[in-house]
Amino acid sequence: MHIVVIGVNHRTAPVELRERLAFPEPALPQALERFRETRGVLEGMILSTCNRTELIFVADHVSRAVEHTERFLEAWSGVPQAEFRPVLYVHTEEEAVRHLFRVACGLDSMIVGETQILGQLKDAFFLARDLGNTGSLLNRLLQQVITFAKRVHAETGINDHPVSTSYAAIELMKQVYGQLKGKHAVLIGAGKVAQLMGQYLQDARVGRLTIVNRTLEKAQQLARSVGGQAVPLNALIDVLKDADIVVSATGAPGYVLTKQQVEPLVKSRSRRLLFMDMAVPRDLDPQIHQLPNTFLYDIDDLEGFVEAQMAERLKEARRIEGLIVAEVEAFRQWMHTLGVIPLIAALREKGQTIHRETMESLQNKLPHLSERELKIIRKHMMSVVNQLLRDPIQRIKELATEPQAEQAQDLFATLFALEEYLLEQEMQRPETAPPAAPVTQEVRSEVPAPLPYRL
Amino acid sequence: MGLLVFDGMVYLYVISLFFYYFALIRKEGSFRRLGFAVLALVWVLQTAFFLVPTFKGEPRTILSLFESLLFYSWLLVGLTLLLQRWVRSEVFILCSVAIGMTAFVLALVAGRQDAALSMPEGLVSELLVIHVTLALLSYVAFTFAFLFAMMYLFQQKTLKRKQWQFRGRLPSLEQTESLAYVSNLIGVPLLAVSLLLGLVWAHLRLSFNFWLDPKIVTSFLMLTFYGYFLILWLRGVRGERLAWLNVLAFLTVCVNVFVSMGWTSFHRW
């Protein structure tokens with residue numbers, strides 16, 4: 001069985017193509033049902049976001065399954081293969097596993113470290129699982145991926161750092177004031193930037209929001225949308241007397257506030273005052289920053305802040321890449337142990353069969369043995385069987401993680417003549433994914449208990 | 001055996017500092033948890049030092065330099081462990097643990113000279129024990145206030161200079177300022193009551209004029225500085241001025257501690 005990821009993302013394909021290949025959310029259940037019927041696909045799920053569309057599946061034969069999956073994608077989206085094949089990436093085995101870890105941690109996202117993708121991946125997995133599209137392999141893999149990504153987000157600082165100037169402004173406000181609840185924010189201007197900042201301030205649950213604008217009507221309109229109050233520009237100085245935060249984003253050619261205007265204000269109060277100048281050209285006199293208990297940040301400062309934060313994110317991302325290597329290795333080892341489970345089960349079955357047959361023979365030859373004597377003999381014979389089998393079982397488990405695992409497993413089966421028992425197991429196993437016909441009965445699979453398997 | 005345990009505690013302190021330092025640099029939760037575990041172990045061992053004699057019927061009096069410094073270290077570490085739940089700054093924890101460790105090491109050094117400085121039996125009383133305990137509690141509160149004030153000044157500097165490269169997690173300016181205020185709010189009444197009890201004890205037990213003793217003078221100086229801080233706060237004063245006052249006030253605490261080691265007439269340490 002092989003793990004495969006094929007797809008397109010914001011790096012490989014333009015948005016015009018991505019949107020045609022995307023799977024709309026309401027259509028996903030139907031898409032998953034058709035994907036399940038694709039030849040060669042044993043387990044599968046679909047991840048479709050604004051920046052990527054990926055088909056994650058388990059295949060018995062990689063190239064055949066990829067070919068059929070591309071046909072499925074063509075049939076579903078209506079985009080010819082010749083159009084999307086040049087931008088389609090195909091990851092298999094460990095590379096596919098590594099890719100999934102990177103995607104879940106936000107390392108493959110447009111904004112490195114963003115956390116939204118993890119929620120999207122979880123939703124895609126749970127939907128596929130609930131529809132019976134996944135089995136033990138994808139269940140195990142996605143469980144490990146999601147757990148790891150959650151841990152990474154919680155323990156590293158990768159998503160702590162804002163990556164836009166607006167978020168940077170809010171972050172700086174929090175560095176000065178902590179929570180913005182109860183603070184009085186004054187917004188000078190009513191244009192697009194002012195609207196955006198008004199929204200962010202409202203989301204940050206600022207206590208009071210006052211919009212100041214030359215045109216009172218526009219200020220009132222903005223105030224209504226963000227739950228604030230509006231005042232005309234000539235009331236600005238009065239409003240600043242009890243302000244904590246001042247955000248300026250007007251289109252004025254000169255300074256809206258100078259140091260001379262702000263200085264008496266600052267001297268008459270002891271509280272901190274934070275200015276954010278989001279305008280170009282600047283609205284606020286830079287010398288305001290030199291006043292005591294006063295801070296002023298303009299667009300250049302905010303961009304510098306964002307750059308520093310991005311550098312931190314990238315450092316964290318590099319560290320997480322290192323952690324992913326260990327996770328991929330852990331999954332690889334788990335996959336290799338899958339092969340030994342039937343062998344160990346077959347060997348134990350054979351041991352128990354030999355034990356049972358020997359006991360029957362003994363009872364025939366020595367019918368006068370008491371129940372107690374039989375019990376003792378049975379127990380000791382089982383102990384002999386277990387002790388004989390213990391070392392081979394331990395060795396085959398150890399060999400499962402070695403490069404020659406498959407050959408070792410074949411030799412193991414030959415040495416102990418387990419073919420008959422393995423065949424019996426195969427015949428007793430319920431049917432897995434159908435080649436073409438839809439599944440007639442629902443296959444409900446719970447996410448399995450953590451391995452190792454118990455014998 | 002006792003010395004081995006104490007030496008072991010010093011190593012544990014260093015190990016916890018090491019873990020917290022790496023938590024600051026690497027931002028990994030596992031280092032922080034390890035630091036917490038090791039520090040908690042130190043605190044448990046220090047607690048045992050105080051509790052075991054109590055169960056044996058010979059409780060510690062905290063009247064020797066050794067026991068006082070150890071008590072101060074124990075309080076500092078215990079409250080730091082508790083405060084970590086709310087103040088999640090590795091910088092604060094590192095500095096607090098470093099101060100606690102310094103006090104602990106000084107206690108070990110002082111412990112070896114303790115025999116020469118033992119308190120005469122006639123002067124020991126419960127009043128004195130309470131006086132010393134309250135004084136040490138106030139020192140711990142003022143230590144926290146000092147740490148918060150330093151964090152405030154550092155954070156203020158980085159924000160004023162627009163330096164974005166600092167890796168450590170610091171509370172906001174407003175938070176550190178509030179925490180400093182709360183620490184002083186707790187410390188001032190503790191110190192005041194401690195001074196009052198000390199004066200009552202001195203009046204009852206001492207036959208000479210103790211009012212000009214350097215220890216008492218510097219204690220009143222401390223109370224004045226911290227009292228002035230609270231008055232400014234009530235008047236609505238905030239910012240750098242208040243933080244510097246806090247730092248200056250803590251210097252009087254240090255002076256007060258060192259004065260008692262050499263220049264006091266009756267404070268034996």
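**Questions about a predicted two-chain model**

Me: Where is Glu93(A) placed?
Reply: In this predicted model, Glu93(A) has its place in helix α5 of chain A, which covers residues 93–104.

Me: Why is Glu93(A) called partly exposed?
Reply: There are 14 other C-beta atoms within 10 Å of Glu93(A), and since a residue is buried at 20 or more and exposed at 12 or fewer, the value of 14 falls in between, so Glu93(A) counts as partly exposed.

Me: What makes the phi of Glu93(A) worth a remark?
Reply: Phi of Glu93(A) is near 50°, a positive value in a residue that is not glycine. Most residues other than glycine have a negative phi.

Me: Which residue of chain B has a positive phi although it is not a glycine, and where does it lie?
Reply: That residue is Lys162(B), with a phi of about 55°, and Lys162(B) lies in the loop that joins α5 (126–160) and α6 (173–205) of chain B.

Me: How do you know whether Lys162(B) is buried, exposed or partly exposed?
Reply: Lys162(B) has 16 C-beta neighbours inside 10 Å; because burial asks for 20 or more and exposure for 12 or fewer, Lys162(B) is classed as partly exposed.

Me: Why is the peptide bond from Val280(A) to Pro281(A) called cis?
Reply: The omega of the bond from Val280(A) to Pro281(A) is near 0°, and the bond is cis, whereas most peptide bonds are trans. Pro281(A) is found in the loop between β9 (273–277) and β10 (294–298) of chain A.

Me: What is known of the confidence in chain A?
Reply: The mean pLDDT of chain A is 86, with 93% of its residues at 70 or more, but over residues 432–455 of chain A the pLDDT is below 50, although this stretch has 28 contacts in the model beyond near neighbours in sequence.

Me: How is chain B divided, and what makes its two domains count as touching?
Reply: Chain B is divided into domain 1 (1–118) and domain 2 (128–269), whose C-alpha centres lie 21 Å apart. In chain B, 23 residues of domain 1 are in contact with 19 residues of domain 2, and a contact asks for C-beta atoms within 7 Å.

Me: Which element gives the most to the side of domain 1 of chain B that touches domain 2 of chain B?
Reply: That element is α3(B), with seven residues. The elements giving two or more residues to this side are α1 (2–26), α3 (65–83) and α4 (90–111) of chain B, and the residues of this side divide into 16 nonpolar, five polar and two charged.

Methods: Residues numbered from 1 in each chain as written. Chains lettered and ligands numbered in written order. Predicted model: local features only at pLDDT ≥ 70, side-chain atom pairs only at ≥ 80, totals over all residues. Domains from an automatic or database assignment. Helix = DSSP H or I, 4+ residues; strand = E, 2+ residues; numbered from the N terminus. Nonpolar A, V, L, I, M, F, W, Y, C, P; charged D, E, K, R; others polar. pLDDT = per-residue confidence, 0-100.
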